[in-house]
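Have the sequence and the 3D view ready. This report walks through sheets, helices and cores in turn.

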Amino acid sequence: MWSVGLLIGLIGGAGGAFIAQRFFIKSKSQEIIKNAEIEAENIRKERALQSKEKFLKQKEEHEESIREREKRMQSNEDRFRAKEKTLNQKLEELNRKEKDAEKAKADYELKLQTLEVRQAELDKMQQKQVAELSKISNLSPEDAKNHLMTALTDEARTAAMATIKEITEEAKLNANKEARKIVIQSIQRVATEQAIENAVSVFNIESDEVKGRIIGREGRNIRALEAATGVEIIVDDTPEAIILSCFDPVRREIARLSLHQLVSDGRIHPARIEEVVTKTRKQLDEEIAETGRRTCIDLGIHGLHPELMRMVGRMKYRSSYGQNLLQHSREVANLCAIMAAELGLNVKLAKRAGLLHDIGKVPDEEPELPHAILGMKIAEKFGEKGDVLNAIGAHHDEIEMTTLISPIVQVCDAISGARPGARREIVEAYIKRIKELENLALSYDGVSSAYAIQAGRELRVLVEAEKVTDQRSEELSFTISQRIQTEMTYPGQVKVTVIREKRSVNYAK
């Protein structure tokens, strides 16, 4: 009984708890629904507020766009009104000018009619006067006109002769002045530094140790180098420098380039020296040809024969009037071009003649001819024109001048040679004496080469060992010295050194 009651009590308690739980869940659900409705209402209000703000913003932008459009329309309207006003003013001005033009045309027509009437009256009066003059002078109008023209022609001829005489006298007075002016202007336009002839070149080395290698064992390297180049090589106490002495710039340049290559390569011995000197001489010949070509390009001279170009390049290693011959010839060419332009002559032809005027000083062979005549013959051989040939041959008055370019070349040559420091006679006599020394030694049998060094104070003669004995070398030295003493004029004394060297060469293969 107690158990049943307990069971009923438990069931009643469980049911009460279930009912209470359901009531709690229901109240909770109602609360969630209420909160959701409140939140939905808030979202709706917020969305409505955003939509209203967006609408107001779009409305404001639209109104601003309308105001901007109205403003632009107002501006365009003002501009159109201004243009319309300007056009109306121009139209009024045009109408006014048209009326003035019509009025001026009417006045012109009236004046023209008046002039025609007056012209008719003048013609009648002139005819009347001519008739009266004919009656008085007993001459017809045609005869009177011829008589007047003859008198006026004679008077004009007399006045013209007087004017010509005055102009001629004035030209004679001003001719020298104008000529000097042209010459001075030419000198001013091409003024260049004077290139002084030098018989010594300095070869710089990195250290004095190189000097011993250049000298070689018992001096064989330096002897081989001097024999191959014909240049005296002076190795003294001068720090980091070797002196190359020779009157011929070509030899000095070959020696300098050869030394540079030998020192750079490091192999210095007689066989190598001969090989390098030969190669350097060939390279220098190519450089001479390139120098001639560049000179012609710089001066604007075209169509020159390649051999003439090579001879122009050789001018770089010759001297004239104490200055470099190439520089002198370029200067003369520029002077000739300026003078020809001033005088209205052919500028290109004058420049060509100026460049080639001393071409006779640099031939491979030197016959007994004046350099002007020799240069003319060389230029003729390579197809130069007659005006150029006459200018070359006549610039020292060896032949008669037949063109206007010839005196221009002569004058420009004198201008270039008359610069301060020019020593024509001294330099040419010196070079001639040096060449005579070498030619005298070369005239003997068995002499392979001869070089005048130390400004002509020493003559080194290289002989062939197969043809000349040691005893003959001594006799040759004495004979040459005696000939120099009796046949030549020279300052101081000349040392004659005959070198005989036996060289045996074989190849191991």
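In what order do the three strands of the open sheet with mixed pairing stand? The order is E6-E7-E8.

## About the model

This is a predicted model, where local features need pLDDT of at least 70, side-chain atom pairs count only at pLDDT 80 or more, and totals for chains, interfaces and linings use all residues. Residues are numbered from 1 along each chain as its sequence is written, and side-chain values use heavy atoms, leaving out hydrogens and water.

Helices (H or I, at least four residues) and strands (E, at least two) are DSSP runs, numbered from the N terminus.

## The mixed sheet

E6, E7 and E8 form an open sheet with mixed pairing. Two strands pair if DSSP finds at least two bridges between them. E6 and strand E8 (495-500) are the edge strands, and each pairs on one side only. The twist averages 20 degrees from one strand to the next. Angles run from 0 to 180 degrees between N-to-C directions, and axes are lines fitted to C-alpha atoms, for helices over the stretch in contact.

E6 and E7 pair in the antiparallel sense, over six bridges. Ala450 has Val461 in E7 as its bridge partner. Helix H14 (residues 470-487) packs on this sheet and touches E6, E7 and E8. Its direction makes about 155 degrees with that of E8. Contact means heavy atoms within 4.5 Å.

## The antiparallel sheet

Three strands form another open sheet, in the order E1-E3-E2, with antiparallel pairing. E1 and E2 stand at the edges with a single partner strand each, so one side of each has no neighbour in the sheet. The twist averages 25 degrees from one strand to the next.

Strand E1 (residues 200-204) pairs with strand E3 (residues 241-245) over five bridges. E2 and E3 pair over three bridges. Ser245 in E3 stands opposite Val200 and opposite Glu232.

In a regular strand the side chains alternate between the two faces of the sheet. On E1, Ser201 and Phe203 make up the covered face. Val200, Val202 and Asn204 make up the uncovered one.

Is helix H4 (residues 220-229) mostly covered or mostly uncovered? Mostly covered: seven of its ten residues are buried. Buried means under 20% relative accessible area, exposed over 50%, and partly exposed in between (1.4 Å probe, protein chains only). Among the buried residues of H4 are Ile222, Leu225 and Ala228. The elements they pack against include H5, H6 and strand E7 (458-463). Gly230 follows H4, and its phi is positive, near 75 degrees.

H5 lies across E1 and E3, at about 10 degrees to E1. The axes of helix H5 (residues 249-265) and helix H6 (residues 270-299) come within 9 Å and cross at roughly 125 degrees. That makes H5 oblique to H6. Angles under 35 degrees count as roughly parallel, over 145 as roughly antiparallel, 65 to 115 as roughly perpendicular and the rest as oblique. The contact includes Leu257 of H5 and Val277 of H6.

## Two cores

A nonpolar core is a set of buried Ala, Val, Leu, Ile, Met, Phe, Trp, Tyr and Cys residues joined through side-chain atoms within 4.5 Å. The largest has 45 residues. Leu244, Leu459, Val461, Ile480 and Ile484 have the most contacts inside it. Not counting residues up to four places away in sequence, Ile480 touches Leu440, Ala441, Tyr444, Leu459, Val461 and Val496.

Another core, of 40 residues, lies apart from the largest one. Leu326, Val332, Ala350 and Leu374 are among its members.
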